[in-house]
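Subject: Structure handover

Hello,

Here is the structure for your files.

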Amino acid sequence: MTSNVVSAMGQAVTVTVKPTSTPNVVRYELNRSLTGMGHEHYPSAEAAERRGQRPPDVLAQRLFATGKVDRVHCYSNMCTVHLKAGTAPESLLDIFSSLYIHYLPGVQPSIPG
């Protein structure tokens, strides 16, 4: 399954869900790299918050904020997510696809004064 965000300013991320052989572990493949050649591990929401505001950090923070995620690992254009039992992988697609969306319809952008 893939997802795109439309009618917004920014770059929508196309994401594909790939199941793994491990229960509750899902791989999300994106159409752009998040980390380059570095591995990023996020064992908890607190670890994601401490890291900062780089794209993989922000993605992990948003995933943990759903309450549906136990761990996140990002490498290049792939994120492996350990889901809480009973979580549908598709329920997180919008978080990935909207990562680079800056202005949503109906939201007035701020103009520095």
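The notes below cover the salt bridges and then the nonpolar core. Please keep in mind that this is a predicted model.

Salt bridges

A search of the whole structure gives five salt bridges.

Arg 27 and Glu 29 are joined through their side chains, with an N to O distance of 2.9 Å. Arg 27 has a relative accessibility of 27% and is therefore classed as partly exposed. Glu 29, at 22%, is also partly exposed; the cut-off for buried is under 20%.

Glu 40 pairs with Arg 54, and their closest N and O atoms are 3.2 Å apart. Arg 54 has a relative accessible area of 36% and is partly exposed.

Lys 84 and Asp 70 form another salt bridge, with 2.8 Å between the closest N and O atoms. This pair, too, links distant parts of the chain, 14 residues apart: Asp 70 is in strand 6 (residues 69-75), and Lys 84 is in the loop between strand 7 (78-83) and helix 3 (93-97). Lys 84 is partly exposed at 35% relative accessibility, and Asp 70 is partly exposed at 36%.

As for the network, salt bridges link Glu 40, Arg 51, Arg 54 and Asp 57.

Nonpolar core

The largest nonpolar core has 26 residues, and the members that touch the most others are Tyr 28, Leu 59, Leu 63, Leu 92 and Phe 96. Two or more residues each come from strand 3 (15-19), strand 4 (25-30), helix 2, strand 6, strand 7 and helix 3. Helix 2 contributes the most, with five residues.

What is Tyr 28 in contact with, leaving aside its neighbours within four places in sequence? Its contacts include Val 15, Thr 16 and Val 17, then Asn 77, Met 78, Cys 79, Val 81 and Leu 83, and also Pro 89, Leu 92, Leu 93 and Phe 96. Among these, Leu 92 and Phe 96 are also named with Tyr 28 as core members that touch the most others.

Regards

Terms used. Residues are numbered from 1 along each chain as its sequence is written. This is a predicted model: local features need pLDDT of at least 70, side-chain atom pairs count only at pLDDT 80 or more; totals for chains, interfaces and linings use all residues. Side-chain values use heavy atoms; hydrogens and water are left out. A salt bridge is a side-chain nitrogen of Lys or Arg within 4 Å of a carboxyl oxygen of Asp or Glu. Buried means under 20% relative accessible area, exposed over 50%, partly exposed in between (1.4 Å probe, protein chains only). Helices (H or I, at least four residues) and strands (E, at least two) are DSSP runs, numbered from the N terminus. A nonpolar core is a set of buried Ala, Val, Leu, Ile, Met, Phe, Trp, Tyr and Cys residues joined through side-chain atoms within 4.5 Å. Contact means heavy atoms within 4.5 Å.
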